[in-house]
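Please go through the model below with this briefing alongside. The notes are grouped by topic.

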Amino acid sequence: MTYTEQSLNALRRTGDELADATVATLFERGEVGKFNTLMRYVSTAGQELPDGLPAVARDYLHQTSSPPAWVDWGEMEKARLFFIDNNVHISTALSFASMPACYLVPHVAQLLSATHGLKYPAKRMAETGQFTVLLMQPDAFEAGSRFLPAAQKVRLLHASIRHHLRREDRWDVEALGTPICQEDMIGGQMMFSLQVLDALHRLGIHMSVDGAESYYYAWRVVGAMLGVDQEHVPKNLEEARQFSDLYMTRHMGPSQEGVDLTRQLIDLYEDVVPGTLFDPVVSALIRHLIGDTCADWLQVPRTPWDTAVKAAPALLHVLETIEDRSPLGAWALDRLGHLTTLFELSSLTRGRVMHYAIPEQLRKDYGLSSAVPRTRRWTPPPPTVTA
């Protein structure tokens with residue numbers, strides 16, 4: 001598949017017909033509160049839906065209760081094993097590469113700022129972390145799993161944001177297209193798959209082509225469950241690279257919202273890191289993984305750790321050597337990685353379960369203009385600049 005400016009422009013005009021219609025009906029009938037209350041008790045796949053659930057929501061949940069028929073379960077199992085083998089590295093990439101990449105797209109940064117309260121800046125990271133951990137469970141798509149209901153709720157969450165922004169005239173659809181449009185949903189899929197793989201490469205993690213393709217495949221399945229039109233989704237890493245490069249050059253650039261969100265991210269992880277000695281490592285990791293130009297746009301501080309962090313690949317190479325040569329060492333490192341990931345997730349969620357509820361209103365303290373200017377086109381820096 002070949003992507004062009006024209007084909008991506010067309011993707012900016014469409015959202016998610018099924019989820020959008022469901023959310024519109026819930027708001028029209030005043031049933032959003034009832035839906036959120038009842039759905040707090042629906043946390044596992046195959047669970048009986050509660051009495052009193054609005055009919056339109058019940059229909060939506062039945063239609064989206066199964067993964068796509070085309071799923072290759074062998075590929076999904078390879079993706080799960082890839083995650084187990086690299087869980088700490090993937091968590092690092094999601095936190096310090098994928099999320100900053102989101103903030104590099106000004107209109108995406110504005111959406112995130114408009115929909116997440118200032119009192120709990122960890123919410124977005126907690127939701128993403130929990131979602132990824134649920135996805136990579138052995139029973140993620142079976143009865144009793146928590147991933148399927150989470151995916152159903154996240155899809156409605158995205159639809160509700162589109163609903164609010166358009167209804168309240170807080171988004172310039174003519175200039176920016178539909179909020180959380182198909183282009184942005186595919187772009188988000190790239191950030192949580194391709195950008196993660198790029199970050200692993202920059203960290204010096206050795207990956208097989210087969211493992212990387214399987215991990216990307218898993219996020220294709222996720223995209224389908226979140227309402228992404230599969231006709232336009234890159235089918236492999238080569239196509240994904242073409243889409244991602246064009247998407248980012250079309251939209252990336254500096255913004256105040258991006259700066260603010262990055263500052264919240266840095267503060268959040270500095271609180272997670274014990275003590276203060278290693279706090280600068282957070283900024284140094286972000287700068288190392290996204291490059292100096294992008295880090296400067298997000299005003300990531302320069303620190304004395306910037307050089308030291310570049311030694312991470314050498315350290316990780318030592319750990320990988322231990323894994324390769326010792327089955328016991330491999331088991332111990334995988335177990336340590338699993339526990340570290342759970343500790344990080346627990347710190348982000350503060351021990352809570354994220355429910356992905358439909359917001360009944362967006363933040364009122366954020367002045368999202370209905371006339372957001374079109375982002376200036378990004379030009380790659382000269383070769384002498386690290387990007």
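**Briefing on the predicted model**

Aspartate 260 is placed in helix α15, residues 256-272; helices (H or I, at least four residues) and strands (E, at least two) are DSSP runs, numbered from the N terminus. The model is predicted, so local features need pLDDT of at least 70 and side-chain atom pairs count only at pLDDT 80 or more, while totals for chains, interfaces and linings use all residues. Residues are numbered from 1 along each chain as its sequence is written, and side-chain values use heavy atoms, with hydrogens and water left out.

**Overall make-up**

- The protein chain has 20 helices and zero strands.
- Of the 387 residues in the protein chain, 56% are buried; buried means under 20% relative accessible area, exposed over 50%, and partly exposed in between (1.4 Å probe, protein chains only).
- Among contacts in the protein chain with a separation of 6 or more, 79% are between residues 24 or more positions apart, where contact means heavy atoms within 4.5 Å.

**Aspartate 260**

- With a relative accessible area of 39%, aspartate 260 is partly exposed.
- Aspartate 260 and leucine 298 are 38 residues apart along the chain, and their C-alpha atoms are separated by 8.2 Å.

- Two packed helices are described by the angle between their axes and the distance between the axes.
- Axes here are lines fitted to C-alpha atoms, for helices over the stretch in contact, and angles run from 0 to 180 degrees between N-to-C directions.
- Helix α12 (residues 194-202) and helix α14 (residues 237-251) have axes that come within 10 Å and cross at roughly 100 degrees.
- That angle makes α12 roughly perpendicular to α14; angles under 35 degrees count as roughly parallel, over 145 as roughly antiparallel, 65 to 115 as roughly perpendicular and the rest as oblique.
- On the α12 side this contact is made by Leu194, Gln195, Leu197 and Asp198, and on the α14 side by Leu237, Ala240, Arg241, Ser244 and Met248.
- The contact of α12 with α14 has five nonpolar, two polar and two charged residues; Ala, Val, Leu, Ile, Met, Phe, Trp, Tyr, Cys and Pro count as nonpolar, Asp, Glu, Lys and Arg as charged, and the others, Gly among them, as polar.
- Helix α6 (residues 87-103) also packs on α12, with axes that come within 9 Å and cross at roughly 120 degrees.
- Residues His89, Ile90, Ala93, Leu94, Ala97, Ser98 and Ala101 of α6 make the contact with Gln195, Val196, Ala199 and Leu200 of α12.
- By class, the contact of α6 with α12 has eight nonpolar, three polar and no charged residues.

**Salt bridges**

- The structure holds 19 salt bridges, each a side-chain nitrogen of Lys or Arg within 4 Å of a carboxyl oxygen of Asp or Glu.
- Glutamate 183 pairs with arginine 12 in a salt bridge, the closest N and O atoms being 2.4 Å apart.
- Because glutamate 183 lies in helix α11 (residues 182-192) and arginine 12 in the loop between α1 (5-11) and α2 (17-28), the pair ties together parts that are 171 residues apart in sequence.
- Both glutamate 183 and arginine 12 are buried.
- A network of salt bridges links Glu5, Arg12, Glu183, Asp184 and Arg250.
- Glutamate 168 and arginine 170 form a salt bridge at 3.1 Å, N to O; glutamate 168 is partly exposed at 23% relative accessibility, and arginine 170 is buried at 10%.
- Glutamate 270 and arginine 263 form a salt bridge at 3.9 Å, N to O, and arginine 263 is partly exposed at 34% relative accessibility.

**Helix α11**

- Eleven of the eleven residues of α11 are buried, so this helix is largely enclosed by the rest of the structure.
- Among the buried residues of α11 are Gln182, Met185, Ile186 and Phe192.

**Positive phi outside glycine**

- Aspartate 169 is not a glycine, yet has a positive phi of about 55 degrees.
- Aspartate 169 lies in the loop between α9 (147-167) and α10 (173-176) and is exposed, with a relative accessible area of 55%.
- Isoleucine 180, also not a glycine, has a positive phi of about 50 degrees.
- The loop between α10 and α11 holds isoleucine 180, which is buried at 12% relative accessibility.
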